[in-house]
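Dear colleague,

Please find the structure below for your records. A summary of the findings follows it.

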Amino acid sequence: DDFANVEIMISELQSNVLNASNISHMTFKGFSMCATRAGGMNVSGNNIVIDNCKIYNVRTFGISANGNDITIQSNEICNIGSFGISVMGGDQTNLIPSGDLIYNNYIHDYAIIQRTYESAIQVFGCAVTVSHNEVCNAPHQAIGWSGPNHVIEYNEVYNVCFETGDCGALYTGRNFVSYGSVIRYNY
């Protein structure tokens with residue numbers, strides 16, 4: 001109603017806000033990222049921490065991480081076109097744990113453009129821990145996983161799975177290697 005106090009933002013950026021590959025022992029803390037026609041953070045390597053960042057108003061994903069001993073904690077990810085956080089780590093063939101942790105994040109209003117199979121949190125590989133996250137307001141699933149020995153616990157999920165069939169707040173399927181995972185104390 002009152003355009004005098006409204007900020008209008010138009011993005012011309014057609015790449016991810018941050019791309020960092022083959023890095024180790026790196027911490028990204030307190031960043032705020034928005035307004036791209038691509039994704040937020042795309043990182044790969046080992047011993048990486050993404051802490052207390054806000055990623056919002058991006059066309060595709062919030063955080064994509066590939067590697068071992070990656071911690072993604074205390075971030076807010078919202079108003080994004082596809083998935084919130086995706087992590088791949090460990091070695092599922094040899095059952096080598098990733099040491100990856102997704103902890104205490106608030107992910108809401110995601111999968112705005114790509115509306116199905118774009119989870120707030122998706123994990124692949126072996127033994128990723130997903131704990132104490134809050135996920136809400138999306139058309140499809142909240143947490144999806146593939147691979148063995150993941151731990152998904154103490155997460156709060158609400159207002160999801162409003163569109164399509166074949167979805168669940170917590171979701172895995174069609175892959176025999178998703179054995180040995182522990183799903184407990186989620187609400």
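Two strands are said to pair if DSSP finds at least two bridges between them, and the strands themselves (E, at least two residues) are DSSP runs, numbered from the N terminus. The model is a predicted one, in which local features need pLDDT of at least 70 and side-chain atom pairs count only at pLDDT 80 or more, whereas totals for chains, interfaces and linings use all residues. Residues are numbered from 1 along each chain as its sequence is written, and side-chain values use heavy atoms, with hydrogens and water left out.

Strand pairing around S5

Strand S3 (residues 41-51) and strand S5 (residues 63-73) are paired in the parallel sense over 10 bridges. Within S5, Asn 68 is the residue that stands opposite Asn 46. S5 also runs parallel to strand S7 (residues 85-89), to which 4 bridges join it; here Ala 65 stands opposite Val 87. A further 3 bridges join S5 to strand S8 (residues 101-103), again in parallel, and Leu 101 in S8 is the bridge partner of Thr 71.

Gly 45 belongs to strand S3. Its relative accessibility is 14%, so Gly 45 counts as buried (buried means under 20% relative accessible area, exposed over 50%, partly exposed in between, with a 1.4 Å probe and protein chains only). Leaving aside neighbours within four places in sequence, Gly 45 is in contact (heavy atoms within 4.5 Å) with Ile 23, Asn 66, Gly 67, Asn 68 and Ile 70. Phe 28 is 17 residues from Gly 45 along the chain, and their C-alpha atoms are separated by 13 Å.

The open sheet

An open sheet is formed by 6 strands in the order S2-S4-S6-S9-S12-S15, with parallel pairing. Strand S2 (32-36) and strand S15 (156-158) stand at its edges with a single partner strand each, so one side of each has no neighbour in the sheet. On average, neighbouring strands of this sheet are turned by 5 degrees against each other, direction ignored (axes are lines fitted to C-alpha atoms, and angles run from 0 to 180 degrees between N-to-C directions).

S2 pairs with strand S4 (residues 54-58) in the parallel sense over 4 bridges. Thr 36 lies in S2, and its bridge partner in S4 is Val 58. Thr 36 is buried, at a relative accessible area of 4%. Not counting residues up to four places away in sequence, Thr 36 touches Ser 11, Leu 13, Ser 15, Val 17, Asn 57, Val 58 and Arg 59.

The largest pocket

The largest pocket has a volume of about 210 Å³. A pocket is an open set of points on a 1 Å grid over the protein atoms alone where a 1.4 Å probe fits, with protein on both sides within 12 Å along at least five of seven lines; lining residues have an atom within 4 Å of a point. The volume is the space filled by probe spheres set on the points.

The lining comprises 14 residues, of which Phe 124, Gln 141, Trp 145, Ser 146 and Tyr 171 lie nearest the centre of the pocket. Strand S10 (121-125) and strand S13 (143-145) each supply at least two residues of this lining. By class, the lining has 4 nonpolar, 9 polar and 1 charged residues (Ala, Val, Leu, Ile, Met, Phe, Trp, Tyr, Cys and Pro count as nonpolar, Asp, Glu, Lys and Arg as charged, and the others, Gly among them, as polar).

Ser 146 is placed in the loop between S13 and strand S14 (151-153). Ser 146 is buried, with a relative accessible area of 17%.
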